[in-house]
Amino acid sequence: MKIVVLGASGQLGSCLKKISAERNLTDISFPSEEHANILDKDLLDKLFTAEEPQYVINCAAYTAVDKAEDDVDTCRKVNRDGAAYIAEVCKKHQATLIHISTDFVFKGDVPKVLSETDAAEPENIYGLTKLEGEAAIAEILPEHFTIRTSWLYSEFGNNFVKTMLRLGRERDQLGVIVDQAGSPTYAIDLANVILDIVKSENKAYGIYHYSNEGVTSWYDFAKAVFDISSTQVALNPVKTSEYVTKAVRPAYSVMDKTKIKSTFSIQIPYWRDSLRICLERIAAGV
Ligand SMILES: NC(=O)C1=CN([C@@H]2O[C@H](COP(=O)(O)OP(=O)(O)OC[C@H]3O[C@@H](n4cnc5c(N)ncnc54)[C@H](OP(=O)(O)O)[C@@H]3O)[C@@H](O)[C@H]2O)C=CC1
Ligand SMILES: Cc1cn([C@H]2C[C@H](O)[C@@H](COP(=O)(O)OP(=O)(O)O[C@H]3O[C@@H](C)C(=O)[C@@H](O)[C@H]3O)O2)c(=O)[nH]c1=O
């Protein structure tokens with residue numbers, strides 16, 4: 001089963017590289033952005049001609065949520081147009097696309113667990129352009145899986161857990177938002193599920209929700225990071241109204257994972273258990 005990963009040097013791409021090595025997968029390639037710029041359709045076409053992938057995993061995205069508010073065109077190019085180009089080239093080469101999307105497609109203004117069929121109504125540019133990317137793919141390529149995930153972290157790249165560890169070392173006091181709830185996702189767990197989906201060769205295409213089990217706030221998530229890593233820092237809960245950011249974020253973006261669990265017969269780890277594993281790996285430098 002030949003697989004090509006796009007956005008390979010990002011957080012999720014790095015997790016896929018690690019997991020595929022652990023699983024001894026050899027028929028998977030991780031081209032650099034220079035050889036797989038998703039905004040260059042001809043380049044993708046050449047890449048797919050050379051690689052002949054059966055599955056393409058798209059981890060490439062514009063993920064700077066606050067910056068996107070002032071950088072709408074670039075964000076939309078990558079998250080909408082890039083997704084559409086990939087779908088077109090997958091169609092030409094008869095490849096199945098596994099695309100990653102986000103809980104930020106939801107407004108999240110009511111405390112309701114969100115299913116794949118609930119209306120998406122993004123509150124920020126990043127979420128809007130990700131939703132546009134989902135729609136473009138659905139229109140072009142029936143053979144796709146779009147996996148919406150949330151609050152990704154890992155030992156790789158930039159993420160909330162690594163930011164907290166850094167700020168915990170640099171500061172005596174820290175304020176973290178307590179009134180936004182969601183579900184953290186260890187990107188290594190997601191990488192494993194993506195490769196399980198490929199392995200299954202299941203053709204139940206469409207949108208799926210995936211995060212770790214459980215619900216928390218950014219404040220409680222940060223508290224868990226500091227407790228588990230024995231970091232001494234005074235952590236203060238703050239309200240969204242007290243912590244000004246460019247982009248509006250959902251107050252409640254907890255997603256229902258019934259569909260992915262039943263379709264692919266997977267079990268999902270509890271967020272705190274996965275966080276513990278990730279922090280052990282970060283501490284051990286592996
Ligand atoms: N991070 C999170 O908390 C969450 C992420 N997601 C989604 O998961 C997916 C993976 O996210 P994550 O790995 O964390 O994100 P990263 O930002 O770590 O990785 C994205 C990668 O895409 C690359 N990229 C950007 N533009 C292009 C382009 N034109 N061509 C090729 N590559 C490009 C980036 O390169 P460069 O760094 O050079 O720009 C980066 O390496 C994304 O679709 C994201 O929207 C969903 C929910 C939560
Ligand atoms: C650094 C920091 C953040 N926060 C808050 C701001 C925000 O509400 C929340 C998370 O902030 P971050 O900027 O780290 O994370 P953010 O970029 O908003 O994370 C999102 O990224 C995109 C890509 C997604 O798809 C989402 O699922 C989600 O993971 O924590 C604090 O309250 N205090 C702090 O010191």
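Start by selecting Ser 253 and Asp 103: their side chains are joined by a polar contact of 2.7 Å. (A polar contact is a pair of N or O atoms within 3.5 Å; within protein, one must be able to donate a hydrogen and the other to accept it, and residues adjacent in sequence count only if both atoms are side-chain atoms.) Before you click on, know that this is a predicted model, where local features need pLDDT of at least 70, side-chain atom pairs count only at pLDDT 80 or more, and totals for chains, interfaces and linings use all residues. Residues are numbered from 1 along each chain as its sequence is written, chains are lettered from A and ligands numbered from 1 in the order in which they are written, and side-chain values use heavy atoms, with hydrogens and water left out.

Stay on Ser 253 for a moment. Ser 253 sits in the loop between strand 12 (234-238) and helix 8 (258-264); helices (H or I, at least four residues) and strands (E, at least two) are DSSP runs, numbered from the N terminus. Is Ser 253 buried or exposed? Its relative accessibility is 1%, so Ser 253 counts as buried. (Buried means under 20% relative accessible area, exposed over 50%, partly exposed in between, with a 1.4 Å probe and protein chains only.) Leaving aside neighbours within four places in sequence, Ser 253 is in contact with Asp 103, Leu 114, Trp 151, Ala 181 and Gly 182, where contact means heavy atoms within 4.5 Å.

Next, select ligand 2. Of the 20 residues around ligand 2, the nearest include Asp 103 again, along with Thr 102 and Arg 249; a residue counts as near if one of its heavy atoms lies within 4 Å. Now look for polar atoms:

- Tyr 126 has a polar side-chain atom 2.9 Å from an oxygen atom of ligand 2.
- Trp 151 has a polar backbone atom 3.1 Å from an oxygen atom of ligand 2.
- Gly 175 has a backbone N or O atom 3.0 Å from a nitrogen atom of ligand 2.

Which element gives the most to the shell around ligand 2? Colour helix 5: it gives four residues.

Now hop to ligand 1. Here 23 residues surround the ligand, and Tyr 126 turns up among the closest, with Gln 11, Leu 12, Thr 63 and Lys 130. Zoom in on Glu 33, which has a polar side-chain atom 3.3 Å from an oxygen atom of ligand 1. Then find Leu 152, with a backbone N or O atom 3.1 Å from an oxygen atom of ligand 1. For this shell, strand 4 gives the most, with three residues.

Last stop: the rings. The structure holds 14 aromatic pairs. (Rings of Phe, Tyr and Trp, its six-membered ring, pair if their centres lie within 6.5 Å; planes under 30 degrees apart count as stacked, over 60 as edge-to-face and the rest as tilted.) Select Tyr 153 and Phe 221: their ring centres are 5.6 Å apart and their planes at 65°, so this pair is edge-to-face. Tyr 153 lies in strand 6 (residues 152-153) and Phe 221 in helix 7 (residues 218-228), so the pair ties together parts 68 residues apart in sequence.
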